[in-house]
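Please read it alongside the sequence and the structure displayed here.

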Amino acid sequence: MTNRERADPSIFTKIPPQSQEKKAGQLDEAQLKQFFEEGYTLVPDFFSREELQPVRDAVADCVDRLANKLYDAGKITKKHQDAGLFKRMTLIEKQFPGAAVLLHKTGWLPQAFRDLWSDQKLLNVVEQFIGTEIAGHPVWNLRVKVPQNEEATVPWHQDSAYLDSDALKVLQPTAWIPLLDTNEHNGCMQVAKGGHRSGILGKHVCCAGGTWYVDLTEEEMEKTLNVNMKEDIVTCEVPYGGVLFINNLIPHRSLQNYSEDIRWSLDLRWQLPHLSNGFYGLKGNVLMRTKEDANLVIDFDSFDKVDRHKEACKPEDKDDEAEFDTTIAGPWMLRWEMVHQNRHTAKLQEASDPTTWHKA
Ligand SMILES: O=C(O)CCC(=O)C(=O)O
Ligand SMILES: [Fe+2]
């Protein structure tokens, strides 16, 4: 179990040297400054609707596959084919609680997700943050935030809290990309601006309520990370087409979804290819750009061969039921004091020898 740790704050706060020419999609000076000084920047109009439509379609396809799988296994009796992208998973979740977790655990990248992750405009922005050598980080998520569901409401945390100490040595920018307009009512993100400036990874505890999430208390944010909870909390209402860029030390959370619709989003991360990604040796990075070759062929197939959820949960996998396992457990649960047990942490106890994860 670890306590607070401190990084060299300059990796997270200092703008690296920039090239003279401006590339498509790149941030202006003020946005770039905000990313490093405040730990986030919100670009409201990054993608066109046409650019994001294939991603919506791919998500609908993932939902369809899952519905068929659950139906064929006799877990649900109605597939709700016509319910639409923003309602269907809610109806499936009602019949099979935890179905949304199964979707969250999707271990492979549909083509549209691959294209989004390696989108040239996005990589041009990442280049402004970390330079011309860029790799994708193994922790990417499709968030299925069904209405009023505890498992989809992510409490305050710094992303590095889910990783090992190596993650503190490297800037890992995230792009948070919603598939609809997000706002306070449907569970958008909040950030604590400037909470990354000390370079400190605060003390987190595990796990929040009935979830697999770690939790950073408001007291810790104020006392250790120097956040003023009255002045520094920014509600990021990212519209469809917008992107929220954050770093791996900025405290953030997502609010409850009080709407009737599913708040879909993707979060994608990058970092310098040659540095450890902090994912406990469970999965490597996927190389996306090098100094010599900005358009290299990305080997997503090899990357997809390792299912990070499978690796992280180490399920016994002897029976078919493993594919309907709605729990998530992983090494981050061992990193922090466990103050609350639930069905997800129970999964950790079951794993053969979780302590070896740290050595991997
Ligand atoms: O989308 C959410 O609800 C949480 C996202 C998050 O924590 C992240 O992108 O790092
Ligand atoms: Fe996060």
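In this predicted model, the residues around ligand 1 are R143, K145, V154, D159, T174, W176, H252, S254, S265 and D267. Two or more residues of this shell come from each of the strands β4 (141–145), β5 (174–178), β12 (252–254) and β13 (263–271).

**Ligand shell by class**
- Sorted by class, the shell around ligand 1 consists of two nonpolar, four polar and four charged residues.

**Helix α3**
- Helix α3 spans residues 49–72, and its 24 residues reach 34 Å from the first C-alpha to the last, close to the 34 Å expected at 1.5 Å a residue.
- The buried residues in α3 include L52, V55, V59, V63, L66, A67 and L70.
- In an α-helix, residues three or four places apart point the same way, because there are 3.6 residues a turn.
- Among the elements covering the buried residues of α3 are the helices α4 (88–95), α5 (99–104) and α6 (111–117), together with β4 and β13; the strands β4 and β13 also each give two or more residues to the shell around ligand 1.
- Just after α3, G74 adopts a positive phi of about 75 degrees.

**Three-stranded sheet**
- An open sheet with mixed pairing is formed by three strands in the order β9-β8-β15, and its edge strands, β9 (214–216) and β15 (337–338), each pair on one side only.
- Strand β8 (residues 204–206) pairs with β9 in the antiparallel sense over three bridges, and V205 stands opposite D215 in β9.

Note on methods: Residues numbered from 1 in each chain as written. Chains lettered and ligands numbered in written order. Predicted model: local features only at pLDDT ≥ 70, side-chain atom pairs only at ≥ 80, totals over all residues. Near = placed C-beta within 6 Å. Helix = DSSP H or I, 4+ residues; strand = E, 2+ residues; numbered from the N terminus. Nonpolar A, V, L, I, M, F, W, Y, C, P; charged D, E, K, R; others polar. Pairing = 2+ DSSP bridges. Expected span 1.5 Å × (residues − 1). Buried ≥ 20, exposed ≤ 12 C-beta atoms within 10 Å, placed from the backbone. Contact = placed C-beta atoms within 7 Å.
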